[in-house]
Structure formats: C-alpha cells, structure tokens
Amino acid sequence: MSFFRPEATDVVKRIAEPAVYAAIAGWGLIKGWQILDRGGWVGAVLLVIGALAALALAGSITRTIYRWRVRRAGPGLVTIHEGRISFFGPYGGAIIALDALTTVEIEVTSNVPETQRVAWTLADELGQRVTIPAGASGADKLLDRLGSLPGFDSLAVLRATRATPPQHFTVWARADQARVELS
C-alpha cells in the first residue's frame with residue numbers, strides 16, 4: 001500500500017528521469033561558468049560540451065525507454081473496484097465478483113505477441129471465464145488483489161512467469177473446489 005496517490009506517483013515516474021538529466025546539465029553549466037570566471041576557458045568549453053553530450057545521450061535513452069514501454073503495453077484494461085474485477089479488451093470482456101471466483105489459472109502460451117504470452121484466467125460459479133493478458137493495462141494490480149485469497153499459491157505464479165510455453169498453472173481454487181494442481 002502506498003501513501004501517495006497513484007496519479008502523483010505516475011507524474012513523478014514520468015518526470016524523474018528527465019529531472020535528473022536536467023540537474024546534471026545544470027551542474028555542468030554552473031561549473032563551466034565558474035571555470036570560465038577563473039580564466040580557464042578551455043575547461044569551461046569542455047564542460048559545456050560534455051553537458052550537451054550528456055543531454056543528447058539522455059534524450060536518446062529516454063526515447064528508447066518510452067518506445068520499449070509503449071511496445072510492452074498489452075491489449076485491454078483491468079480495473080478492480082469494490083470486490084469486482086473488470087476486464088475490457090479488444091474482443092470483449094467481463095466483470096467477475098471476487099466472492100464468486102472459483103479458480104484462478106495462469107496460462108503460458110507461444111505463437112502470440114510478448115505482451116500476451118502470460119495470461120490470467122478467472123472463472124466464477126456462474127461458469128463465466130475471462131482471460132486477461134498479463135500485459136494489459138492495470139493487470140499488475142491483479143496479483144496484489146488475488147494474492148490475498150486464502151490458499152493462493154504465489155510460488156506457482158513465479159514459476160508461471162518463468163515457464164517455457166505451453167504450460168498451465170492453477171494458482172488458486174476455492175476450498176470447496178478441486179485441490180490445487182499444477183500441470
């Protein structure tokens with residue numbers, strides 16, 4: 001649990017890296033002026049050139065990281081609110097009440113994009129099943145919420161994320177359901 005609002009955390013994550021680069025560049029420019037005031041113009045020129053090169057490198061790194069993050073985003077949106085898990089994806093979705101859950105499974109598949117290789121499958125007592133790609137927006141909160149279910153097998157989740165496809169893991173089943181199995 002965080003004491004900071006998620007929106008504030010997102011803003012800090014977004015501006016932290018460029019802020020660090022700006023601080024380094026500012027330090028370089030201030031030091032350059034100090035050396036220049038003492039008559040060491042060569043040191044100042046070198047320091048300014050170094051600061052500009054650091055900024056160019058920082059911009060390049062930032063663009064690369066941004067492209068990597070965007071490429072890793074999976075399809076769909078997951079929200080968890082008032083005891084319900086909602087998933088809406090490009091081909092449909094579902095809302096499942098946590099009280100009605102019967103099983104939680106993780107499937108590791110191949111021949112799909114990297115963002116869809118690992119997926120959660122939730123089933124409820126009405127027979128409704130929903131498969132949520134682990135790369136979907138908001139899917140990172142699933143482990144936090146589902147991990148609090150009694151008898152949830154966190155080690156199976158870890159094995160699933162490191163498994164080679166195709167594999168299927170049942171990480172939780174309601175106590176009155178079949179025993180937790182790994183296949």
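The legends below accompany several close-up views of a predicted model of one protein chain.

View 1. Of the 183 residues of the chain, 27% count as buried. When contacts with a separation of 6 or more are considered, residues 24 or more positions apart account for 47% of them.

View 2. Strands of a sheet pair through backbone hydrogen bonds, either parallel or antiparallel. In this view the three strands lie in the order S1-S2-S3, and their pairing is antiparallel. Strand S1 (77–81) and strand S3 (92–97) are the edge strands, each of which pairs on one side only. Neighbouring strands of this sheet are turned against each other by 10° on average, with direction ignored.

View 3. S1 and S2 form a hairpin with two residues between them, and Glu82, which sits in the turn, has a positive phi of about 50°. These strands, S1 and S2, pair in the antiparallel sense over five bridges, and Val78 stands opposite Phe87 in S2. A second hairpin is formed by S2 and S3, again with two residues between the strands, and here six bridges join strand S2 (residues 84–89) to S3 in an antiparallel arrangement. Phe87 has Ala94 as its bridge partner in S3, while Arg84 stands opposite Ala97 in S3.

View 4. Leu98 lies in the loop between S3 and S4. Leu98 has a relative accessible area of 8%, and it is therefore counted as buried, because the cut-off for that class is under 20%. Not counting residues up to four places away in sequence, Leu98 touches Gly83, Ile85, Arg145 and Leu146. For one of these residues, Gly83, the separation from Leu98 is 15 residues in sequence and 5.5 Å in space, taken from C-alpha to C-alpha.

View 5. Strand S4 is mostly covered, since seven of its eight residues are buried. S4 and S5 pair in the antiparallel sense over seven bridges, and Glu107 stands opposite Ala119 in S5. S4 also pairs in the antiparallel sense with strand S7 (residues 167–173), over six bridges. Within S7, Phe169 is the residue that Ile106 stands opposite, and Gln167 is the bridge partner of Val108.

View 6. Arg117 has its place in the loop between strand S4 (101–108) and strand S5 (118–124). With a relative accessible area of 18%, Arg117 falls under the 20% cut-off, so this residue is buried. Not counting residues up to four places away in sequence, Arg117 touches Glu107, Val108, Thr109, Val112, Thr161, Ala163 and Pro165.

**View 7. The second largest pocket and the residues that line it.** Rolling a probe the size of a water molecule over the atoms shows where empty space is left. The second largest pocket has a volume of about 270 Å³. It is lined by 14 residues, and those closest to its centre are Pro75, Gln116, Ala119, Thr131 and Pro133. S2 and strand S6 (129–133) each supply at least two residues of this lining. When the lining residues are grouped by class, seven are nonpolar, five are polar and two are charged.

Terms used. Residues are numbered from 1 along each chain as its sequence is written. This is a predicted model: local features need pLDDT of at least 70, side-chain atom pairs count only at pLDDT 80 or more; totals for chains, interfaces and linings use all residues. Side-chain values use heavy atoms; hydrogens and water are left out. Two strands pair if DSSP finds at least two bridges between them. Helices (H or I, at least four residues) and strands (E, at least two) are DSSP runs, numbered from the N terminus. Axes are lines fitted to C-alpha atoms, for helices over the stretch in contact, and angles run from 0 to 180 degrees between N-to-C directions. Buried means under 20% relative accessible area, exposed over 50%, partly exposed in between (1.4 Å probe, protein chains only). Contact means heavy atoms within 4.5 Å. On a 1 Å grid over the protein atoms alone, a cavity is a set of points where a 1.4 Å probe fits but cannot get out, and a pocket is an open set with protein on both sides within 12 Å along at least five of seven lines; lining residues have an atom within 4 Å of a point. Grid points are joined across faces, edges and corners, and a volume is the space filled by probe spheres set on the points. Ala, Val, Leu, Ile, Met, Phe, Trp, Tyr, Cys and Pro count as nonpolar, Asp, Glu, Lys and Arg as charged, and the others, Gly among them, as polar.
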